[in-house]
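Let's walk through a protein model together, one feature at a time. Keep the picture open beside the text and look for each residue as it comes up.

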Amino acid sequence: MLATTELLSSGQVVPWLIDGRWEAPSDAATIDVTNPATCEAIGRIAYGQAADATRAADAASAAFDSWAQRSAGQRADILQRAADILAGRAAAIGDLLSAETGKRRSEAAGEVNFSASYLRWFASQARQAHGEVLSPEDPARRHLTLTRPVGVVASLTPWNFPVSIQARKIAPALAAGCTVVARASEKAPLAVAELFRALQDAGLPDGVANLVQGPAAACTDALIAHRAVRMVTFTGSTPVGSRLMAAASKRIVRCALELGGDAPFIIFADADIDAAVSGLMTAKFRNNGQSCIGANRVLVERPIFDEVVSRLAAATSAMAVGDPAAAGEPDLGPLIDASRVRAVGELVDEAVSGGAHWLGDSPQMPSGPCYSRPGFIVGAPGGSGLATTEVFGPVSGVFAFDGEDEALAIANGTEMGLAGYFYTRDVSRVWRMSERLEVGIVGVNHPLPSVAFAPMGGVKQSGLGREGARQGLEEFLDTRYVSLGL
Ligand code: NAD
């Protein structure tokens, strides 16, 4: 199979992968993939139908027994090889990822290497999927547990980290012995095809990992309704996650859901202000502000409020915004599309019409419908969208608070609970806050908590289940109890 970049440069359609064959039938519908920095189409993907998703699930079902029966070591070897292949291609795949999403090239290459780290971690965890022997009460009996792969998994992912989120799902699924049908977002479907090519090049048997493209609701409904599909793992917005959970409930299909975030970023008066401001700039503007664990609401303790806002004004006014492919890496690229820019703009307009204002000047903005002014806003009314919802763009409201209890009340006051950050030098407060923040991931004095060996996931409406770590493998395993009479 040609690399995706070779397909694109020769004008060919990027195919889907079913049962080990890359398919782009000549009568298949296609859709364009657009570079948000330039608004130019950079390629076309074959766009299937629900029937193609069903065919992929048939292939995953047929491949299941022999993959599940391989030893953990055999599965681990393939994942390890795929990790090495993927990492070896990180620069080229990163450039493709940058072009389809607008993320900075260094971040895009970093995402590909991060994806390889999930393949490596779950290669190491494959052998840890073992049961236990229980102490019997009756000398003539024995009791033990086995772990078994759940079955065929539907792996459904968004556009913001299209490669690493898919890797974080399929690596543990494959390590556990499951087979997979993946559907990627049509907004960023190119680089993720390279993840599947790396697995294939590493020797993954046909049908074990399949990749389909097509209308979201129709394809996912077909997958969830398929008799062999026993689990759906989804990352995306809370409303879509809720819809998938309802569909899965009809067949009692297991769900793992990584949903919307709303991370509070709390700076206490005793914090190292340099570190806090620098951490906030990273936690807010990484991935052009489109990260589910990105800083969303900034809470600053009143004695240092003026100093923090003046530093944020200076830092954001000096940002370089532009095309990630241009010489010299900008601090910020475009958002994924014009509709995301409009959604962010509506939140800003609502806050400003309620009396809020930007901190500092606007950086020089490139022309183009996908660019959104980055920065911080003070004075947003308490009930406004900036204070209560996920922005998912390069803007945050900044709010003052008095004391730990008020910070917690504001931070915990929404229905979301994915990540939360705080900066302080008080060790006792580190414990108290870590225990009382209602989130699944806590960043203390550090803006980048994600690593393959630690569990990632949310509470409340931010989701169910954990990805990464040993918990990420357990999601894809059933425990079987064996009772043995001697
Ligand atoms: P989205 O829910 O609109 O889309 C996610 C995926 O679901 C895409 O592939 C899309 O094509 C598909 N989809 C859309 N409508 C569907 C439907 N009716 N039925 C089935 N599938 C459907 O989300 P998005 O805009 O792509 O991503 C942004 C959201 O994802 C944010 O809320 C963000 O917080 C969340 N997110 C969460 C995490 C996490 O780990 N918790 C990570 C990344 C993004």
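**Rings, strands and buried residues**

By the rule used here, the count comes to seven aromatic pairs; rings of Phe, Tyr and Trp (its six-membered ring) pair if their centres lie within 6.5 Å, and planes under 30 degrees apart count as stacked, over 60 as edge-to-face and the rest as tilted. Before we go on, note that this is a predicted model, in which local features need pLDDT of at least 70, side-chain atom pairs count only at pLDDT 80 or more, and totals for chains, interfaces and linings use all residues. Residues are numbered from 1 along each chain as its sequence is written, and side-chain values use heavy atoms, with hydrogens and water left out.

A pair of aromatic rings is described by the distance of the centres and the angle of the planes. Take F265 and Y423: this pair is stacked, with 5.3 Å from centre to centre and 25 degrees between the planes. The pair links distant parts of the chain, since F265 belongs to strand β12 (residues 263–267) and Y423 to strand β17 (residues 419–423), 158 residues apart. Helices (H or I, at least four residues) and strands (E, at least two) are DSSP runs, numbered from the N terminus. Both F265 and Y423 are buried, a word that means under 20% relative accessible area, with exposed over 50% and partly exposed in between (1.4 Å probe, protein chains only). Ring pairs also link F265, Y421 and Y423 into a cluster.

Why is the pair of F285 and F376 edge-to-face? The ring centres of F285 and F376 are 5.7 Å apart and the planes stand at 75 degrees, so the pair falls in that class. Here too distant parts of the chain are linked: F285 is in helix α10 (residues 273–285) and F376 in strand β15 (residues 375–378), 91 residues apart. F285 is buried, with a relative accessible area of 4%, and F376 counts as buried at 0%.

Now find the sheet that holds several of these strands. Strands of a sheet pair through backbone hydrogen bonds, either parallel or antiparallel. Seven strands form an open sheet in the order β14-β15-β16-β13-β12-β17-β18, and the pairing is mixed. At the edges stand β14 and β18 (441–444), each with a single partner strand, so one side of each is left without a neighbour in the sheet. Two strands pair if DSSP finds at least two bridges between them.

Let's follow β15 in this sheet. Strand β14 (residues 357–358) pairs with β15 in the antiparallel sense over two bridges, and V378 in β15 is the bridge partner of H357. With strand β16 (residues 395–401), β15 runs parallel, joined by four bridges; there V378 stands opposite V398. In a regular strand the side chains alternate between the two faces of the sheet. From β15, G375 and I377 point one way and F376 and V378 the other way, and all are buried. Further along the sheet, β12 and β13 pair in the parallel sense over five bridges, with P264 opposite R297 in β13.

Strand β13 (residues 295–301) also contains E301. The side chain of E301 does reach the backbone nitrogen of A269, at 2.7 Å.

R429 has another neighbour to look at: R429 lies over the face of F268, at 4.0 Å from the ring centre. A charge sits over a ring if NZ of Lys or CZ of Arg is within 6 Å of the ring centre and within 35 degrees of the ring normal. R373 likewise lies over the face of W358, at 4.0 Å from the ring centre.

Finally, turn to strand β8 (residues 179–183). Five of the five residues of β8 are buried, so this strand is largely enclosed by the rest of the structure. T179, V181 and R183 point one way from β8, and V180 and A182 the other way. Strand β7 (residues 152–156) runs parallel to β8, joined by five bridges, and V153 has V180 as its bridge partner in β8.

Conventions:
A polar contact is a pair of N or O atoms within 3.5 Å; within protein, one must be able to donate a hydrogen and the other to accept it, and residues adjacent in sequence count only if both atoms are side-chain atoms.
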